[in-house]
Amino acid sequence: MPLILFNKPFQVMSQFSAHPERQTLADYVDIPNVYPAGRLDADSEGLLLLTDDGKLQHAIAHPRRKQPKTYLAQVEGQASPEALQRLSNPLDLGDFVTQQSQARLIQEPPWLWPRTPPIRQRQNQPTSWIALTISEGKNRQVRRMTAAVGLPTLRLVRIAIGPFSLASHPLMPGEWREVDPAALDAPS
């Protein structure tokens, strides 16, 4: 019962079935009968967990046992302390209110790979980087959160799920590795 860490490249679909225009997980992972435990939008990059164990997949994705997820968001504009506070507190997004999260301003990590294609650059518009840790994961939640505080997301990279991170398990886009699923139950 493998647990696979996969660094999903930009514009790759979080599915194994064929897609008419985009690459899918099948273009990168050649292990039969594994499926994603959770998703990442095509325009997001980063860590995705794959498993062949339905119980483990359910445990990872179930709302009551959601693993905390950390994202790096490059946003348009300069993130103020007030915007970071709003991101950290429950935030009303119209159709739901987010749970409390952790948001902090960071420098672009030197280990972060360049995106292909690069994000658009506007000379008169600064960008900043936010590290955001959430314990839920509704559709496009991080992008909606940053937009709600006036900081549209330009690039979104998930760098950690529960105990697994790209810092402790370095992978370049398209790379994967097998890990011990027991780490999900270990105290952090």
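Start by selecting R104 and A131: R104 stands opposite A131 in strand 6. Keep in mind as you click around that this is a predicted model.

Now widen the view to the strands themselves. Strand 5, residues 102–106, pairs with strand 6 in the antiparallel sense, over five bridges. Next, bring in strand 4, residues 69–76; this strand also pairs with strand 6 in the antiparallel sense, over eight bridges. To check one of these pairings, click K69 and look for its bridge partner in strand 6, which is I134.

How many of the eight residues of strand 6 are buried? Colour residues 127–134 by accessibility and you get seven, so strand 6 is largely enclosed by the rest of the structure. While you're there, remember that in a regular strand the side chains alternate between the two faces of the sheet.

Step past the end of strand 6 and pick S135, which is in the loop between strand 6 and helix 3 (141–148). S135 has 29% relative accessibility, so it counts as partly exposed. Leaving aside residues up to four places away in sequence, S135 touches K66, P68 and Q99. Show the side chains of S135 and Q99 and you'll find a polar contact of 2.8 Å joining them.

Time for the rings. A search of the whole structure finds two aromatic pairs. For one of them, select F6 and Y28: the ring centres are 5.7 Å apart and the planes are at 50 degrees, so this pair is tilted. F6 lies in strand 1 (residues 3–8) and Y28 in the loop between strand 1 and strand 2 (35–36), so the pair ties together parts that are 22 residues apart in sequence.

Then jump to W111 and W113. Their ring centres are 6.3 Å apart with the planes at 50 degrees, so this pair is tilted. W111 is partly exposed, with a relative accessible area of 40%, while W113 is buried, at 6%.

Last stop: charges over rings. Select F10 and R115, and you'll see R115 lying over the face of F10, 3.9 Å from the ring centre. Finish with F96, where K138 lies over the ring face at 5.3 Å from the centre.

Technical notes
Residues are numbered from 1 along each chain as its sequence is written. This is a predicted model: local features need pLDDT of at least 70, side-chain atom pairs count only at pLDDT 80 or more; totals for chains, interfaces and linings use all residues. Side-chain values use heavy atoms; hydrogens and water are left out. Buried means under 20% relative accessible area, exposed over 50%, partly exposed in between (1.4 Å probe, protein chains only). Helices (H or I, at least four residues) and strands (E, at least two) are DSSP runs, numbered from the N terminus. Two strands pair if DSSP finds at least two bridges between them. Rings of Phe, Tyr and Trp (its six-membered ring) pair if their centres lie within 6.5 Å; planes under 30 degrees apart count as stacked, over 60 as edge-to-face and the rest as tilted. A charge sits over a ring if NZ of Lys or CZ of Arg is within 6 Å of the ring centre and within 35 degrees of the ring normal. Contact means heavy atoms within 4.5 Å. A polar contact is a pair of N or O atoms within 3.5 Å; within protein, one must be able to donate a hydrogen and the other to accept it, and residues adjacent in sequence count only if both atoms are side-chain atoms.
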